[in-house]
Amino acid sequence: MSFDFDAGKYAPYVWGAYAVSALILGGLVADTLARARRWRRAARPDASTETAP
Amino acid sequence: MIPALANPDRFMAFSRWAAPLLGALAALLLAAGLVLDFTAPPDARQGYAVHIMFIHVPAAWMSLFVYACLGGASFFSLVFRHALARAAARAAAPLGAGVTAAALITGSLWGKPTWGAWWVWGDPRLTSVLVLFLLYTAYMALDAAIEDEARAAPATAILALVGLINLPIVHYSVVWWRSLHQGPSVLRAGGPSLPPVYLTPLLIMGLAYLTGFGALWLVRIRGEVWRRRAAVMAMRAAA
Amino acid sequence: MSGFSLILRREFALAFAGGGGPLVAIGFFLAMTSLLPLALGGSPERLAGVAPGFAWLVLALAALISLERMFERDYEDGSLDLIALGPAPLEMAAFAKALAQWATTTAPLALVAPFVVAALGGKTALWPIITAAGLTGGLAFAFLGGIGAALSLGSRRGGILIAVIVLPLFTPPVIFGAGAIEAFGAGLDWKTPLLFLAAYALAAAALSPFAMAAAARNALS
């Protein structure tokens, strides 16, 4: 199984596309997890008598 | 399954295991897809640029799929006044906008070396995806502009549904417009006769994007549920 | 139908009472027209080539003007509540409002458009198709715009929000109208796109009152 990473003249386009995708998708993952974490903490009652969902 | 999930507690219980599972699945599929992607040979016509197809086409598929989810959730939110459906719609919007932006940018980067232009006006799919992006931003703009959640829910739902109805019309109008101009022969992304060495990684990447969306959507909805609970708690504390 | 004609007459009166009715939109149209040669730079041929498409696009944009006020005045002074509670369906009032918007804003723009094209050096022979597309497309713009206006009720940033909501929806009529104008100029089949435009406009007129009324009711709740 040989990997072909030799993009030649297409390099800026191909790696650019992968970089943008990684940024956007990574950003969505990070934002989603951060938001969920933040709201989960906020929803926890301060004097906690219930267990978190 | 949807009626069973409609109960927020049951949804939270379900998503608690479903979200990480989908996330793990997405990561595996992504890894497999990328391996097959970069072991595939360059295309006869497009050369190495064919590798952009594997991240552009799944993004384009998802941009439409997520809007369908947004529309479906909006429908339930509007007709049944269902808070969880509204949370689902709201959660889907930024995910859809992101993946649509990815589709547009990667599409442009694919187009430049292959058919010589950053953008082709008059291509039905490009125009439809651009309008789709505008529909997502319109949804988020309206959502942000209405402070009262009780009002924001039906308003954004109406907008989502109006957009959903318009989308096929947009696509068709550009198809018609192109027939008038006999536009440039745009390289077909993933045409019917895609050889297996390309089709397999494409489908796997498609599944990776799909499961990834599923995981992120569930987590975002969970966040929304917690946000509401926190808001209710704050209201009660203030009362 | 007397209820409807009453509402319609009221909407017309309101549209003109706001000060000059179509004049603001026409003023915007002419202002943009004078900017185009400055933005494009000298060449008369380029200007002439762009003229019909430009006029059509600015017509669509100008249709957005004064959309804000379609529901807002009634919303703020409580009339919308009364209309919603009254005997006539809110959908009918919404239909009347959009129709009045068409008659007082977009239709006058359609009549001015051929002059704009001529002023920019475009083919004067295009005036029938520009007027036809403008009147028909204008109907779509008014009714779609009404949806945006109703959805934005009670929120901040009214005008720009309406534009953001409504412009993606404008895409099909803009495309069909532009196609009709271009086909007419090139001697090709202009009837098909014009028919599509008409079909779209009529569908918009028939369906958007329901969306407008739902949005208005939501804002009143």
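The contact between chains B and C takes 24 residues from chain B and 28 residues from chain C, two residues being in contact if their C-beta atoms, placed from the backbone, lie within 7 Å. This is a predicted model, in which local features need pLDDT of at least 70 and side-chain atom pairs count only at pLDDT 80 or more, while totals for chains, interfaces and linings use all residues. Residues are numbered from 1 along each chain as its sequence is written, and chains are lettered from A in the order in which they are written.

**The chain B side**
- Helix H5 (124-145) and helix H6 (149-181) of chain B are the elements that give two or more residues to the side touching chain C, helices being DSSP runs (H or I, at least four residues) numbered from the N terminus.
- The largest share of that side, 15 residues, comes from H6(B).
- By class, the side of chain B that touches chain C has 19 nonpolar, four polar and one charged residues, where Ala, Val, Leu, Ile, Met, Phe, Trp, Tyr, Cys and Pro count as nonpolar, Asp, Glu, Lys and Arg as charged, and the others, Gly among them, as polar.

**Packing of H5(B) with H8(C)**
- H5(B) and helix H8 (residues 158-186) of chain C pack at an angle of about 155°, with their axes 9 Å apart.
- H5(B) is therefore roughly antiparallel to H8(C), a term for angles over 145 degrees.
- Residues making this contact include B:Leu134, B:Ala138 and B:Leu142 of H5(B), together with C:Leu161, C:Ile165 and C:Pro168 of H8(C).

**Other chain pairs**
- Chain A and chain C do not touch, and their nearest C-alpha atoms are 23 Å apart.

Terms used:
Axes are lines fitted to C-alpha atoms, for helices over the stretch in contact, and angles run from 0 to 180 degrees between N-to-C directions. Angles under 35 degrees count as roughly parallel, over 145 as roughly antiparallel, 65 to 115 as roughly perpendicular and the rest as oblique.
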